[in-house]
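Colleague: I would like to learn how to read a model like this one, feature by feature. Could we begin with the order of its secondary structure?

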Amino acid sequence: QVQLVESGGGLVQPGGSLRLSCAASGFTFSFYSMYWVRQAPGKGLEWVSHTRPNGEMTYYPDSDSVKGRFTASRDNAKNTLYLEMNSLKSEDTAVYYCARDQYWTIDYWGQGTQVTVSS
């Protein structure tokens with residue numbers, strides 16, 4: 001069955017960096033675009049990145065929420081999606097999920113990994 005398992009979250013000080021990983025199994029990873037999505041406390045879901053199957057293109061929101069600070073990538077040989085997060089801010093505190101894209105609809109979610117940015 002499809003499984004998405006995130007890791008790499010934790011507590012980091014403002015201005016710090018983290019790299020999240022998402023290990024995929026149960027499907028042909030290289031066939032699918034993948035999302036990173038986050039949910040801050042008390043807020044709705046916010047998509048953070050969308051990476052095409054071959055990793056040739058990654059899209060980010062038009063807003064300045066993550067632009068220039070977050071970089072998504074993938075290693076299809078390892079069936080793994082990554083999110084490199086730099087210059088972290090308190091407002092980046094959230095649960096981060098990886099998710100599979102099926103025709104621009106999310107059909108599978110990971111369990112999420114908590115990222116807390118605090119001094």
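Modeller: Read along the sequence, this predicted protein follows the pattern β-β-β-β-β-β-β-β-β-β-β, which comes to 0 helices and 11 strands, where helices (H or I, at least four residues) and strands (E, at least two) are DSSP runs numbered from the N terminus. Residues are numbered from 1 along each chain as its sequence is written. Since the model is predicted, local features need pLDDT of at least 70 and side-chain atom pairs count only at pLDDT 80 or more, while totals for chains, interfaces and linings use all residues, and side-chain values use heavy atoms, with hydrogens and water left out.

Colleague: Which residues touch the most other members of the largest nonpolar core?

Modeller: Such a core is a set of buried (under 20% relative accessible area, 1.4 Å probe, protein chains only) Ala, Val, Leu, Ile, Met, Phe, Trp, Tyr and Cys residues joined through side-chain atoms within 4.5 Å. Here the core has 26 residues, and Phe27, Trp36, Phe70, Leu83, Met85 and Tyr96 touch the most other members. Strand β3 gives the most to this core, with 4 residues. Of the 119 residues of the protein, 45% count as buried.

Colleague: What is Tyr96 in contact with, leaving aside its neighbours within four places in sequence?

Modeller: Contact means heavy atoms within 4.5 Å, and the partners of Tyr96 include Leu20, Val37, Phe70, Leu83, Met85 and Val115.

Methods:
Buried < 20%, exposed > 50% of the residue type's maximum accessible area, 1.4 Å probe, protein only.
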